[in-house]
Amino acid sequence: MTDARRINAHLRKGEALSPDELRWFAKGLADGSVSDAQAGAFAMGVCLRGLSEEGRVALTLAMRDSGHVMQWDLDGPVADKHSTGGVGDCTSLVLAPALAACGVYVPMISGRGLGHTGGTLDKLDAIPGYATAADEARFRRVVKEAGCAIVGASAAIAPADKRLYAVRDVTGTVESLDLICASILSKKLAAGLQALVLDVKVGTGAFMKHADEARALSRAMVDTANGAGCKTTVLITGMDEPLAPSLGNALEVDAAMCALTGRDKGPLYTLSVALGAEVLANVGIQDGTKKITEALESGRAAEAFGKMVYGLGGPIGFVEDWRRYMPEAPVIRAVDAESAGTVAAIDGEALGLAVVALGGGRQVESDQINPMVGLSEVVRLGEKVDKGQPLCRIHAARVEEADEAERVIRAAIRFGKAPKPVDLVRERIA
Ligand code: URA
């Protein structure tokens with residue numbers, strides 16, 4: 001008889017798991033018959049030993065089928081994008097409504113913070129009233145009415161990922177090609193998409209630090225998703241510095257609102273347009289760059305965001321006056337440069353972990369997130385900084401936590417020769 005001990009023992013010895021064993025495990029994650037300890041051991045086993053290609057596909061499909069697989073009957077294409085995770089990456093908040101404004105329906109099932117990276121759901125939880133745990137009926141209604149809805153995996157949709165994701169977040173078991181592939185695609189395939197774009201991050205703030213790892217993950221996800229009938233392409237994009245100028249939950253909602261309303265046309269805006277154009281191309285809509293830009297410039301994307309927020313329980317008129325609703329930390333401190341110099345390197349993972357330590361992420365599954373904390377106005381690679389000029393601002397709940405974050409930030413931002421500028425979008429994999 002199959003049981004979790006036996007499956008974990010097979011993994012430990014490097015023996016291939018059968019599709020039946022993986023289905024059994026995914027079902028156990030979903031119905032609670034597999035414990036957190038068993039899930040943690042499984043995640044570590046997969047990280048260390050890996051699954052075969054067949055095993056990876058079987059785990060992905062088993063996790064997709066651990067809940068309900070949605071189907072849609074709408075008057076437009078149903079598509080989405082998902083990122084493998086980075087720091088200051090709040091693209092989903094900009095992109096989902098921009099696509100909705102272009103006539104694409106976006107049923108986005110997102111995740112919480114994972115390891116050092118922020119999670120879209122934790123960011124949206126910073127908006128008072130917003131129901132990231134909406135049930136399927138409400139999710140469907142908001143997708144239909146606003147064109148997009150961003151919610152979490154639930155007891156009904158991809159429940160196996162909901163469990164395993166929370167365990168991986170706090171057990172140092174995120175960086176596995178197999179687990180990332182199964183986690184992302186189980187949710188996306190359960191959402192019943194016809195097309196998908198994956199943003200595979202590479203660099204100091206990503207799980208994949210090197211181009212060859214990012215390529216291998218991209219290839220695995222493209223093959224698995226297309227094999228499951230969802231037209232999928234990947235953009236491999238740079239994560240050698242935070243994408244937005246801010247890291248943290250409420251702070252990233254603010255950054256996303258600035259991009260969504262055209263006030264900030266930095267890398268977050270640029271990447272949102274590139275990914276949006278790729279999604280539109282995958283559903284057969286031409287001139288994507290122009291269309292997404294128009295959606296953002298005209299205010300139609302912001303309008304769709306406002307409708308989504310209201311539909312999911314947030315304040316009416318959020319987009320017009322969002323700062324009124326965003327909580328502010330009691331301690332806000334500039335980290336001033338101790339000497340003049342040029343920013344040569346930023347350790348994105350260290351900055352992400354500083355935000356987790358401030359309370360913006362979880363150390364154990366039961367931790368409550370503090371939406372107010374994080375970093376803002378982070379300097380960019382190649383930027384020339386004068387002595388006394390801020391490298392960033394820390395938003396903390398307590399002075400001692402700000403002290404510790406300051407120590408980490410000073411070590412994470414290095415001065416030296418300016419790095420050669422590189423394109424944000426490094427490669428496309430179809
Ligand atoms: N996003 C997910 O949903 N899962 C991962 O494992 C990584 C990023």
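Biologist: Where is the place of Cys181?

Modeller: In this predicted model, Cys181 sits in helix α9, residues 177-190.

Biologist: Buried or exposed, that Cys181?

Modeller: Cys181 is buried, because its relative accessible area is 0%, and the cut-off for buried is under 20%.

Biologist: What is Cys181 in contact with, leaving aside its neighbours within four places in sequence?

Modeller: Its contacts are Arg56, Thr60, Ser186, Leu217, Ala220, Met221 and Thr224.

Biologist: And how far is the C-alpha atom of Cys181 from that of Leu59?

Modeller: Those two C-alpha atoms are separated by 9.2 Å. Along the chain, Cys181 and Leu59 are 122 residues apart.

Biologist: Switching to sheets. What order do the strands have in the open sheet of 4 strands?

Modeller: The order is β1-β4-β5-β12, and the pairing is mixed.

Biologist: Which strands stand at the edges there?

Modeller: β1 (79-83) and β12 (425-429) do. Each has a single partner strand, so one side of each lacks a neighbour in the sheet.

Biologist: By how much are neighbouring strands of this sheet turned against each other?

Modeller: By 20° on average, with direction ignored.

Biologist: In which sense do β4 and β5 pair?

Modeller: Strand β4 (residues 195-202) and strand β5 (residues 231-238) are parallel, paired over 8 bridges. As one example of a bridge, Val197 has Thr233 in β5 as its partner.

Biologist: Which strands does helix α12 touch when it packs on the sheet?

Modeller: Helix α12, residues 267-282, touches β1, β4, β5 and β12. The direction of the helix makes about 145° with that of β4.

Biologist: What does β7 pair with in the antiparallel sense over 2 bridges?

Modeller: That is strand β9, residues 384-385. Gly341 stands opposite Val385 in β9. β7 also runs antiparallel to strand β11 (residues 413-415), joined by 3 bridges. There, Ala345 stands opposite Arg414.

Biologist: What does the UniProt annotation say about residues 342-416?

Modeller: The UniProt record, an unreviewed entry, gives "domain: Pyrimidine nucleoside phosphorylase C-terminal" for residues 342-416.

Biologist: How far apart are the end C-alpha atoms of residues 342-416?

Modeller: They lie 6 Å apart. The span is 36% helix and 27% strand.

Notes:
Residues numbered from 1 in each chain as written. Predicted model: local features only at pLDDT ≥ 70, side-chain atom pairs only at ≥ 80, totals over all residues. Heavy atoms only, no water. Pairing = 2+ DSSP bridges. Axes fitted to C-alpha atoms, helices over the stretch in contact; angles between N-to-C directions. Contact = heavy atoms within 4.5 Å. UniProt positions renumbered as here; feature names shortened; annotations may be inferred. Buried < 20%, exposed > 50% of the residue type's maximum accessible area, 1.4 Å probe, protein only.
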